[in-house]
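Here is a quick walk through one model, helix first, then sheet, then aromatic rings. Keep the viewer open as you read.

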Amino acid sequence: MTEIEGVWLTEDAYERLRQELAQLRAAPHGSGDVDGQTAAGRRMRRLELEELLDRAVVGRAPADDGIAEPGMVLTVRFDDEQTETFLLGRRDGADTEELEVYSLDSPLGSALAGARPGQVRSYRIPSGASMTVTLLEAVPYGMHLRRR
């Protein structure tokens, strides 16, 4: 599944975003600020949430096939031998404090999309330098807790 086809969300995140959208829809339509947001800002956020929730894939874990895709918790090793574990998804699509979240739009996330364990991928960081990362493991979100 690609980010265009659907956006993976946890059930908690889907509910939280749905509630935020309901609050935005109920907000006064005037031009004044509400909770620090302008009417234009609220309208843009409302449209973003509507589009996101329309494409949401909720409550379905990706296949446990080891392939890096949204909804998978990835463990990677960088050039300097440091490892990191993170969720591949959208920041506002995951309710997780224990994991960093990288989107498919990030340099690291886009480099790893579709990778299998053992595959080495390169990506550019904002400074322009090239980094190399090896995918060690990819497991569906939720299952990563059982494998610790």
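## Helix H2 and its neighbours

The buried residues of H2 pack against E1, helix H1 (11–26) and strand E2 (56–58). Contact here is heavy atoms within 4.5 Å, and buried means under 20% relative accessible area, exposed over 50% and partly exposed in between, with a 1.4 Å probe and protein chains only. Helices (H or I, at least four residues) and strands (E, at least two) are DSSP runs numbered from the N terminus.

This is a predicted model, where local features need pLDDT of at least 70 and side-chain atom pairs count only at pLDDT 80 or more, while totals for chains, interfaces and linings use all residues. Residues are numbered from 1 along each chain as its sequence is written, and side-chain values use heavy atoms, with hydrogens and water left out.

H2 (residues 39–54) has 16 residues and spans 22 Å from its first C-alpha to its last, close to the 22 Å expected at 1.5 Å a residue (that is, 1.5 Å times one less than the number of residues). Which residues of H2 are buried? They are Ala39, Arg42, Arg45, Leu49, Leu52 and Leu53. These cover an arc of only 150° around the axis, so they sit on the same side of H2; the arc is taken from the directions from the helix axis to the C-beta atoms. Met44 and Asp54, on the other side of H2, are exposed.

An α-helix has 3.6 residues a turn, so residues three or four places apart point the same way.

## The open sheet

Five strands make an open sheet in the order E5-E4-E3-E7-E6, with mixed pairing; two strands pair if DSSP finds at least two bridges between them. E5 and E6 (120–124) are at the edges with a single partner strand each, so one side of each has no neighbour in the sheet. On average, neighbouring strands are turned by 45° against each other, direction ignored, using axes fitted as lines to C-alpha atoms.

E6 and E7 run antiparallel and are joined by five bridges. Val120 has Thr134 in E7 as its bridge partner.

## Aromatic pairs

How many aromatic pairs are there? The count is two, with rings of Phe, Tyr and Trp (its six-membered ring) pairing if their centres lie within 6.5 Å; planes under 30 degrees apart are stacked, over 60 edge-to-face and the rest tilted. Trp8 and Tyr141 are edge-to-face, at 5.6 Å centre to centre and 70° between the planes. Trp8 lies in strand E1 (residues 7–9) and Tyr141 in the loop between E7 (130–140) and helix H4 (143–146), so this pair ties together parts 133 residues apart in sequence.

Phe86 and Tyr102 are also edge-to-face, at 4.6 Å and 75°. Phe86 is buried, with a relative accessible area of 0%.

How values were computed. Axes fitted to C-alpha atoms, helices over the stretch in contact; angles between N-to-C directions.
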